[in-house]
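Here's a quick tour for anyone opening this structure for the first time. Take a look at it, then read on.

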Amino acid sequence: MNLTIIDWIIMLLYFAFVLGIGFVLKSRVKTSTDFFLAGRAIPAWICGLAFLSANLGAQEVIGMAASGAKYGIATSHFYWIGAIPAMVFVGIFMMPFYYGSRARSVPEYLRLRFDEKTRGLNAISFATMTVFSSGISMYAMARLIQTLHILDAPFQRLSVSPQWIFHVSIAFSALIVLAYILLGGLSSAIYNEVLQFFLIVAGFSPLVWLGLKSVGGWHELTKRVPAAYTHSWVGMGSPQTNPMGVEWFGLVMGLGFVLSFGYWCTDFLVIQRAMAADSMSAARRTPLIAAVPKMLFPFLVILPGLIAIAVPAETPAAVVVSSSNPPQHRYLGRGLIPPKIDDSTGRPKLDENGYPVLDYDLAIPNMLLHYFPTGLLGLGVTALLASFMSGMAGNVTAFNTVWTYDIYQSYIRPNASDQHYLAMGRFATVFGIALSIAAAYAATRFNNIMDMLQLVFAFVNAPLFATFLLGMFWKRATGHGAFFGLISGTAAAALHHGLTLPSGAVPGIKGAWLGSLLHVYPSEMAQNFWTAIWAWTTCFVMTIVISLATRPRPEKELTGLVYSLTERPREEHLAWYKRPLALGAGVIALTLVLNLIFR
Amino acid sequence: MGLDIRLPIGALFTILGVLLAGYGLGSNATVYQRSLGINVNLVWGMVLLVFGMVMILLGRRGASHGSKLEDRNHPAKTQP
């Protein structure tokens, strides 16, 4: 990639603003609430965009475009089914308890509602997860900088060995995120996430515009890709008739209910953004405001993937970058998607049927290189870097809060002064980032360990929503019920995964590691969705059974924590368009329309 | 938190817009072979410039209105 001076100026300008925001906010951080919860003083629209942006990490931009190239428009299920309903639910029904209980974190809500052990379980697994997620973001970003040869020219000029590019990329991204969080805490992270949101939109919109124009518009695009790629619902009747290999029930229940509600309604990474809002109604509006751009994001991130496979492969510029840039003999890719290259042989990797394995993750980078001239290319690369950083910063701010409030203050040093916890929060930011760096390096060495960890996290997360649902809407649910329900849900997920396999896979990390094979799913996605369904159902049933067998908490202790014992938030004073119910209904209606258009 | 985020966003996009559009005016057409012959730097630079100026305008108006957002005066006071 040849970046010129204008591209570098754009990139540096962005970094200057990111740090500048941190510096401006520095003087405003005086208490731990300022640092961890942004003083609960942020307007709804800012929280809303940060809510969205904190989730806009590496997986989102690179991964969704990759998935768009692999599965087509059906990828939008991850938004329209897999996010919007849950975002509406958390805003309307759950936020009154998160915000109203004055809990400072999601694990703290669990302590208020259930007990210490349930909080501890959630806090520790969540803190570990955030560190690894931010490490993976960091790793992915450094790999991308290497693959795109962004730093090759400047390194050559400074006569530094290109081996250092990976290390410098890791160190640089870590330092930027560290600096702006240390300076301004959560407000700095939130403000930067909003900036990143606009930058991502500004950087990727022209990509969609130019891409669609070059293939001759949407209708021409639909003619160039297989019919199944342009529909989200047609073909969902059976796993055999859609590229994802799932059927509608697994999709709606697994993705749309268990996984999506489990993430958007319980993950402190996003909930923290709403908790920073300046009022209850602003907190409730946060996910609803976020839902509007969220439902439109498929056009920004999935469409480029679809365009990437529709661009004729014979275009000379098609082979822009492949995983390790060997000389290409015969083009085996699909459109702008190059085949994966086997590092040991330097030749394209082939699957068991002899077809090349495609490197879908390069959809967005290759689209940028294919369409963007110098100038706009700088903006596009900056947008990409911004997306990595917002994902990283989101994890780090969630980590320092859960560490300080839920682990340090609860188990290590209770009853210290607020200034002490503020200092601890800053310190936690430093070692959280240090641990992320360690995770990023672990990813370079032990790829399997990272896959395994992600699998374990999936087991831990899958049952979570059952616990929260029962906790918020059933006053009889008890702490023992919640704790052992969660454990049994995680165990059920592991058991299900250990006894099933996606078709074509071998026993091991993909499943069936318990020795026997009970069921073969048509695809890995179907297996994941059903693992989640089993975990959720087990947790739900076990929590109810154990709760009924254990002593309930007195009702007066549960006021403000459970639906039936909490006064409904008043919103008569709000204009109709600021009422969560009206907003939520609007969001659902718009999502339905999108589903109908792209059915 | 006292800082209206629209101001720095507006400032960044205004500068980006001026930079891109200016570069678009000065660069020659061969640069734009990739982008289907369209001078995207100029076009998109103008879009960013307009967006940036609107943000600054909104931020300044918001600052002069103070924080009159009606539900700011009704923060949640529910205690567990």
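Let's start with confidence: this is a predicted model, and chain A has a mean pLDDT of 82, with 95% of its residues at 70 or more. Two stretches of chain A are another matter, with pLDDT staying under 50 over residues 315-321 and over residues 323-329. Here is what the model has for each:

| Stretch of chain A | pLDDT | Contacts beyond four places in sequence |
|---|---|---|
| residues 315-321 | under 50 | 19 contacts |
| residues 323-329 | under 50 | nine contacts |

Now for a helix pair in chain A. Helix α1(A), residues 5-26, packs against helix α16(A), residues 376-412, at an angle of about 35°, and their axes are 8 Å apart. The crossing of α1(A) past α16(A) is right-handed. Who does the touching? On the α1(A) side you'll find I6(A), D7(A), W8(A), I10(A), M11(A) and Y14(A), and they meet L377(A), G378(A), L379(A), V381(A), T382(A) and A386(A) of α16(A). Sorted by class, this contact has nine nonpolar, two polar and one charged residues.

Next, the two chains together. Chain B puts 32 residues in contact with 49 residues of chain A. Within chain B, α1 (6-26) and α2 (40-65) each supply at least two residues of the side that touches chain A. It's α1(B) that gives the most to that side, with nine residues. By class, the side of chain B that touches chain A has 21 nonpolar, seven polar and four charged residues.

Conventions: Residues numbered from 1 in each chain as written. Chains lettered and ligands numbered in written order. Predicted model: local features only at pLDDT ≥ 70, side-chain atom pairs only at ≥ 80, totals over all residues. Contact = placed C-beta atoms within 7 Å. Helix = DSSP H or I, 4+ residues; strand = E, 2+ residues; numbered from the N terminus. Nonpolar A, V, L, I, M, F, W, Y, C, P; charged D, E, K, R; others polar. Axes fitted to C-alpha atoms, helices over the stretch in contact; angles between N-to-C directions. Left-handed = near helix turned anticlockwise from the far one by under 90°. pLDDT = per-residue confidence, 0-100.
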